[in-house]
Amino acid sequence: MKVKGFFAVIAIAIVGSWLGLFIAVPNVLVLITSFLENDPQGFFHLQFSTAAYHQVFDPLFWRVFLHSFEMSFKAMIICLTIAFPFSYWLCQFSSKVRGWLLFLTIVPFWTNSLVRAYAIKFILGKKGLVNSTLLFIGVIDKPLKLLYSEFAVIFGLVYVLLPFMILPLYASLEKLDKNLLSAARDLGANGLQRMWYIVIPLSMPGILAGCLAVFLPAMGMFYISDLLGGAKNLLLGNLIKTEFLSTQNWPYGAAMSISLIVLMAGMLFIYYKAAQHVQKRGEFDV
Amino acid sequence: MGQGVLISLEGISKVYQDKVVVQDLSFTIHAGEFFTILGPSGCGKSTILKLISGLEHPEEGRLILDQEDITHLAAEKRPINTVFQSYALFPHMTVADNVAFGLKVKGVPKQEIKSRVLEALDIVRLSHLASRKPAELSGGQQQRVAIARAVVNRPKLLLLDESLSALDYKLRQEMQIELKQLQRKLGITFVYVTHDQEEALSMSDRILLMREGQIQQIGSPREIYETPNSLFSAGFIGEMNQFDGVILERKQARIYIAELMGQQCQIESTHDFAVGDQIHVLLRPEDLRLQEVPDTTKETGFVGHITERNYKGKTLDSVITLENGNQLLASEFFNEDDPDFDYAIDQKVSIDWVHGWEVVLPYEG
């Protein structure tokens with residue numbers, strides 16, 4: 001027992017200090033930095049200030065933020081539209097086939113997403129796969145400008161983040177009791193009604209989890225817009241990266257990071273509330 | 001209660017993954033009856049229910065409901081509802097919303113839905129739990145919600161798939177009575193699937209006994225119990241003592257002399273046997289009559305020794321080992337003349353039965 005207790009303490013201590021050192025401390029440092037004064041000569045000035053947060057409410061920042069929000073949102077909706085039917089289709093197979101299909105879905109994950117973003121460049125470029133194919137079959141007579149556009153950024157985000165939507169959706173759809181669909185059919189519900197009244201409400205936790213797992217990271221994926229977006233299609237992550245690495249205004253970068261975290265927390269809270277809402281009382285209660 | 005044919009199955013066959021589950025099945029169910037499909041697990045009885053509800057479609061044959069061919073009608077369009085074995089209540093809806101579901105998807109006006117839901121919940125005595133979620137109910141209550149959810153649609157046919165099997169013994173007995181009363185009150189035709197022969201006997205107007213995807217016997221509980229048409233029917237419904245014998249002589253139209261285990265005796269049967277035919281004679285344990293005899297007597301007829309006695313409350317069940325080693329089960333009711341009657345182990349007894357109550361079947365090999 002004593003030895004076991006000793007190992008438990010060691011294990012918890014290692015995990016605890018790892019989390020503390022690499023998650024808690026950096027976040028606290030970012031939080032502190034966000035309340036410091038900017039120093040044009042160095043990274044920051046050890047002086048309390050809320051100036052960085054005032055900058056966060058700058059209209060210029062908001063324009064970039066809203067555009068970034070919009071692109072992430074579109075990517076999320078597209079992921080949902082692709083992933084929902086896909087996951088539903090996946091669940092129709094026997095568990096053995098499902099395992100294989102799921103495996104195939106996850107395989108691309110093993111390649112670094114940065115490398116895959118480069119790959120998209122080659123697909124969408126002027127002499128890329130899409131343009132040369134379309135030219136070859138004669139649909140177009142000069143290459144389309146696909147790269148360095150909002151389209152390219154959203155395409156990249158969807159490509160990189162799609163599995164994050166598929167996995168939670170699959171997990172909740174897989175748990176769906178097929179008997180419930182038989183019962184709904186037996187009670188007279190057509191395909192659309194079964195989808196609307198049974199499948200979607202019961203997979204709502206998966207839908208919300210998937211949306212969060214796509215939307216929140218999408219806001220921060222600066223390398224996607226760096227590689228595919230050009231100057232006009234920045235994500236919030238790009239702004240933060242620029243402030244830290246180029247402009248070297250650390251307090252402003254930190255304030256944006258904190259704002260993004262607060263936004264995520266806010267959305268998680270909404271998710272939690274929505275999950276509670278699903279539990280609400282019924283329509284025909286007497 | 002009408003006596004007309006409500007639904008008829010004509011030559012229905014169903015194949016699952018190259019395995020014939022139901023083969024060339026034909027029978028009819030009458031309007032207003034409590035019809036039970038009975039059989040061991042895997043005999044295809046649940047498949048028949050799915051074929052009737054439309055959740056499965058047959059490879060061959062036709063289904064006629066009220067003179068209308070519904071063979072190719074989708075499940076959602078059939079005026080038939082099912083109470084599933086697992087109840088399949090919608091976990092995210094309240095009891096009332098579960099019951100309202102069928103009416104809602106059919107676009108029934110809200111006010112009408114409300115009153116019909118209330119009425120259905122009243123029938124199953126659950127109005128006070130209308131705003132609960134299924135997970136907050138006991139098994140018996142969930143069962144009643146499932147019934148309310150089905151009957152609220154006023155189906156022509158209510159299908160119940162082993163609906164009581166998940167309940168404990170006492171609750172099951174109560175629900176049997178409740179279901180039967182409900183069926184009389186609503187006048188809806190019930191098709192009940194079960195593997196429990198006792199349940200089938202006590203609830204049904206008619207029983208269809210299935211074996212390996214085919215009809216073994218169809219008839220009233222009494223017919224099936226008293227005149228089983230095969231060893232399978234006899235053995236599946238209740239205990240049976242089986243003797244093998246041979247016909248020695250035909251005395252009258254239905255009276256034969258047969259040899260059973262070296263003894264000659266008179267048997268009755270509507271079957272047309274010829275002299276020399278091999279037969280099975282079956283006797284229910286409660287039809288046997290035992291008589292204590294002194295160990296020393298040279299008794300003729302069937303004699304044996306009591307090798308086991310089990311007090312069952314209402315009856316005394318005894319196992320008798322015959323001279324030739326065969327074992328018989330006898331079940332005797334206690335009566336007012338001798339409320340303490342009991343046998344000593346090893347007691348020698350002679351065995352007789354109520355003549356005319358034996359079941360005689362052609363030899364099945």
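**Reading a predicted two-chain model**

Student: What sits over the ring of B:Y16, and how far from its centre?

Tutor: The charged end of B:K14 does, 5.3 Å from the ring centre. A charge counts as sitting over a ring if NZ of Lys or CZ of Arg is within 6 Å of the ring centre and within 35 degrees of the ring normal. B:R284 gives another case, lying over the face of B:Y225 at 3.8 Å from the ring centre.

Student: What should I know about the model itself?

Tutor: This is a predicted model, where local features need pLDDT of at least 70 and side-chain atom pairs count only at pLDDT 80 or more, while totals for chains, interfaces and linings use all residues. Residues are numbered from 1 along each chain as its sequence is written, chains are lettered from A and ligands numbered from 1 in the order in which they are written, and side-chain values use heavy atoms, leaving out hydrogens and water.

Student: What is the mean pLDDT of chain B?

Tutor: It is 90 for chain B, with 98% of its residues at 70 or more; pLDDT is the predictor's confidence in each residue, from 0 to 100. The model as a whole scores ipTM 0.82 and pTM 0.80.

Student: How many helices and strands does chain A have?

Tutor: Helices (H or I, at least four residues) and strands (E, at least two) are DSSP runs, numbered from the N terminus. Chain A has 12 helices and 2 strands. Its C-alpha trace spans about 75 × 75 × 50 Å along the principal axes.

Student: What share of chain A is buried?

Tutor: Buried means under 20% relative accessible area, exposed over 50%, and partly exposed in between (1.4 Å probe, protein chains only). Of the 286 residues in chain A, 37% are buried. A:W18, in helix α1 (residues 2-34) of chain A, is exposed, at 56% relative accessibility.

Student: How many aromatic pairs are found over all chains?

Tutor: The search finds 30. Rings of Phe, Tyr and Trp (its six-membered ring) pair if their centres lie within 6.5 Å; planes under 30 degrees apart count as stacked, over 60 as edge-to-face and the rest as tilted. A:F57 and A:W62 form a tilted pair, 6.1 Å centre to centre with 35° between the planes. A:F57 is exposed at 58%, whereas A:W62 is partly exposed at 31%. A:F86 and A:W89 are also a tilted pair, at 5.8 Å and 40°. These two are separated by about one helical turn, because they lie 3 residues apart in helix α3 (residues 59-90) of chain A. Ring pairs also build a cluster from A:F57, A:F61, A:W62, A:F65, A:F69, A:F73 and A:F215.

Student: Which residue forms a salt bridge with A:K74?

Tutor: A salt bridge is a side-chain nitrogen of Lys or Arg within 4 Å of a carboxyl oxygen of Asp or Glu. A:K74 pairs with A:E70, their closest N and O atoms being 2.8 Å apart. Both lie in helix α3 of chain A, 4 residues apart, about one turn of the helix. A:E70, A:K74 and A:E150 are linked in a network of salt bridges.

Student: Are B:R206 and B:E33 buried or exposed?

Tutor: Both are buried. They form a salt bridge whose closest N and O atoms are 2.9 Å apart. This pair links distant parts of the chain, 173 residues apart: B:R206 is in strand β9 (residues 206-211) of chain B, and B:E33 is in the loop between β2 (19-30) and β3 (34-38) of chain B.
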